[in-house]
Amino acid sequence: MKILFIGKEGDSFSKTAADFLQLHFKESVIVFSKRADPFPIYLHEWEGDIIISYLAQWIIPDSLLQKAKRAAINFHPGPPEYPGIGCTNFAIYNKEKEFGITCHHMMAKVDSGSIIEVRRFPVFENDTVYSITQRCYTEILHLFYKLISDMLRGESLPKSYESWTRKPYTRKQLNELCELKSGMNKEEIDLRIKATTYGTKVWAHMKSEEINTTYSSYKK
């Protein structure tokens, strides 16, 4: 079986998954993606059975998806209620009590294909964007092992009864979540900071015009 695996550059989970895949499917093509890099031209020439997008940093062209004879699947670090970008951030902001991951068939439109399997886990009060993301990565690896094991046994991909519940979150919406404004109360500011902090990286910020407005109001 010919498989194209596109993982995430510098991600240990992607490397572990790729090693396992190549051990059992010798003809696998392994590529690690980096958001700043363009989609490799040579991949447009690939033809085979299955494409696996594993935390890939690129949107895979529809013309390439069509070349997968059996399936083109993606492992998404979010449940069907959270398609698109920044799903963990929005889950923290919305004070969700449950989160999860989704494996689904890929279509030209991001996070819209039929769902293969969903795995969920509880979210606790002290959870952060980082802690939830790491749990997503762990669940994705476990699900990857299961689905590849099913393939090795000659089994078909499962079909989930679940479906996407909303349009994918966009980069614009995530950027807006990161914005702190002068009219916000402390609870809102604290929540936005928590929802847009990943480890030691804090993405929440106040635009210069908001800073000027706040400063002018203070002087008055």
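**Exercise 1. Helix packing**

Task: In this predicted model, determine how H1 and H4 are oriented to each other.

Solution: 
- Two packed helices are described by the angle between their axes and the distance between the axes.
- Take the values. The angle between H1 and H4 is about 5°, and their axes lie 10 Å apart.
- Apply the cut-off. Angles under 35 degrees count as roughly parallel.
- Conclude. H1 and H4 are therefore roughly parallel to each other.

**Exercise 2. The H1–H4 contact**

Task: Which residues in H1 and H4 meet, and how do they divide by class?

Solution: 
- List the H1 side: Phe13, Thr16, Ala17, Phe20, Leu21 and His24.
- List the H4 side: Gln134, Tyr137, Thr138, Leu141, Phe144, Tyr145, Ile148 and Leu152.
- Sort by class. The contact of H1 with H4 has 10 nonpolar and 4 polar residues, with no charged ones.

**Exercise 3. Ser14**

Task: Locate Ser14 and decide: is Ser14 buried or exposed?

Solution: 
- Ser14 sits in helix H1, residues 12-24.
- Check the area. Ser14 has a relative accessible area of 0%.
- Apply the cut-off. Buried means under 20%, so Ser14 is buried.
- Find the partners. Beyond its neighbours within four places in sequence, Ser14 contacts Phe5, Gly7, Lys8, Phe32, Tyr54 and Leu55.

**Exercise 4. The largest pocket**

Task: Describe the volume and lining of the largest pocket.

Solution: 
- Give the volume: about 1200 Å³ for the largest pocket.
- Find the centre. The lining has 41 residues, and Arg35, Gln57, Gly84, Ile85 and Gly86 are the closest to the centre of this pocket.
- Name the elements. Strand E4 (68-76), helix H3 (87-93), helix H4 (129-152) and helix H5 (171-177) each give two or more residues to this lining.
- Sort by class. The lining of the largest pocket has 22 nonpolar, 13 polar and 6 charged residues.

**Exercise 5. The second largest pocket**

Task: Which elements supply at least two residues of the lining of the second largest pocket, and what classes of residue does the lining hold?

Solution: 
- Give the volume. The second largest pocket holds about 170 Å³ of space.
- Name the elements: H3 and helix H6 (186-195).
- Pick out residues. The lining includes Ala91, Ile92, Lys95, Phe124, Leu191 and Lys194.
- Sort by class. This lining has 5 nonpolar and 6 charged residues, and no polar ones.

**Exercise 6. The whole chain**

Task: How many helices and strands does the protein chain have, and what share of its residues counts as buried?

Solution: 
- Count elements. The protein chain has 7 helices and 8 strands.
- Check burial. Of its 220 residues, 45% count as buried.
- The C-alpha atoms fill a box of roughly 70 × 35 × 30 Å along the principal axes.

Note on methods
Residues are numbered from 1 along each chain as its sequence is written. This is a predicted model: local features need pLDDT of at least 70, side-chain atom pairs count only at pLDDT 80 or more; totals for chains, interfaces and linings use all residues. Side-chain values use heavy atoms; hydrogens and water are left out. On a 1 Å grid over the protein atoms alone, a cavity is a set of points where a 1.4 Å probe fits but cannot get out, and a pocket is an open set with protein on both sides within 12 Å along at least five of seven lines; lining residues have an atom within 4 Å of a point. Grid points are joined across faces, edges and corners, and a volume is the space filled by probe spheres set on the points. Helices (H or I, at least four residues) and strands (E, at least two) are DSSP runs, numbered from the N terminus. Ala, Val, Leu, Ile, Met, Phe, Trp, Tyr, Cys and Pro count as nonpolar, Asp, Glu, Lys and Arg as charged, and the others, Gly among them, as polar. Buried means under 20% relative accessible area, exposed over 50%, partly exposed in between (1.4 Å probe, protein chains only). Contact means heavy atoms within 4.5 Å. Axes are lines fitted to C-alpha atoms, for helices over the stretch in contact, and angles run from 0 to 180 degrees between N-to-C directions. Angles under 35 degrees count as roughly parallel, over 145 as roughly antiparallel, 65 to 115 as roughly perpendicular and the rest as oblique.
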